[in-house]
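Subject: Structure for you to look over

Dear colleague,

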Amino acid sequence: MACGEFDLIARYFNRHVIRRRDVNLGIGDDCALMTVAEKQELAVTTDTLVSGVHFLPDIAPEDLAYKALAVNISDLAAVGADPAWASLALTLPSVDEEWLKRFSDSLFEQLNYYGMQLIGGDTTKGPMSLTLTVHGLVPAGRALRRTGAKNGDWIYVTGTLGDSAAGLALLQDRLKIEEISIHNWLVKRHLRPQPRVLQGQALRDLASSAIDLSDGLISDLNHILTASQCGARINLDALPFSEAVQKYATPEQALNWALSGGEDYELCFTVPELNRGALNMALAHTGASFCCIGQIRPESEGIRYFNNNEEVELDLKGFDHFRTDKKPQEAHYPSAHAEDDQTEGTHG
């Protein structure tokens, strides 16, 4: 049965698994209308995902829907917001109703999990891509920002780093792991990242700055340093790695993935010395580990890297959509040589 644009929207996207009280008018009109409560600020973020750039062309529609929403919600987590609404612009080369059902089922499962409502969007024909805009709410004046880090603040990350890059390497046959459970776990870390929403909310009033790790620790931390006009000292031996990465990657490979692999969607944040005790209590029961990886320093020092208290030189950059220099980049421990393992292929 033929499925036109409006039939497609009605069949697959005009669902009301969640009807939020603050949505006055959703899908079906020229605009959606929402109410923002008093003493709340509206947080808005948009991400476009293009086939072959941000996701592999053969990705399962369930995984694509999950990841597309998750990477946007991760931005909300980075400012400490509570997810509320989403709009979706979907471009498809053709109408595949089985694909659409699987995609929309997964999308609405995640929207329901986070208490969100799909309020509008667009569908069109062309090379596959999708753009999601998500909206969240945060108490006025309490949103986390990239600005605010001060000399002496401590630098933290949640979770473990490099897992997503390892999962991508598996999908692209650049890494082989025979142990099925570990293989599947790393692939899931790439395809289904976990936005740190609870952690972001717990960091309100405690962290001086925050960002989510989408393009790699080096690139994303540098955004904080630029916005806050600071430098940093990073202790490479303090970086958190999963048991899977430690077991199946060389130290140099793991370091490359952690620093520049990207798409971990963990939080990187800074905390003043005065708040470190409260931080431990605030994050203790949020479901994710966290650790201190360095300290904010004066801007004149730039970013300096240390391994077991010995300063090392790194030549690494995070992912940049418009970077033309595609030469291999390596991380070197003293007297060690890293393999070329630049992760490319999909980035958010």
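**The helix pair and the sheet**

Helices α4 and α5 cross in the left-handed sense (left-handed if the near helix is turned anticlockwise from the far one by less than a right angle, right-handed if clockwise). This is a predicted model, in which local features need pLDDT of at least 70 and side-chain atom pairs count only at pLDDT 80 or more, while totals for chains, interfaces and linings use all residues. Residues are numbered from 1 along each chain as its sequence is written, and side-chain values use heavy atoms, with hydrogens and water left out.

The axes of α4 (residues 163–171) and α5 (residues 180–191) come within 7 Å and cross at roughly 110°, where axes are lines fitted to C-alpha atoms, for helices over the stretch in contact, and angles run from 0 to 180 degrees between N-to-C directions. Helices (H or I, at least four residues) and strands (E, at least two) are DSSP runs, numbered from the N terminus.

Elsewhere, four strands form an open sheet in the order β3-β6-β4-β5, with mixed pairing; two strands pair if DSSP finds at least two bridges between them. Because β3 (40–50) and β5 (117–125) stand at the edges with a single partner strand each, one side of each is left without a neighbour in the sheet. Strands β4 (residues 82–92) and β6 (residues 129–139) pair in the antiparallel sense over nine bridges, and Asp 82 stands opposite Leu 137 in β6.

Helix α2 (residues 61–79) lies across β3, β4 and β6, at about 30° to β6, whereas helix α3 (residues 97–113) lies across β4, β5 and β6, at about 170° to β4; contact means heavy atoms within 4.5 Å.
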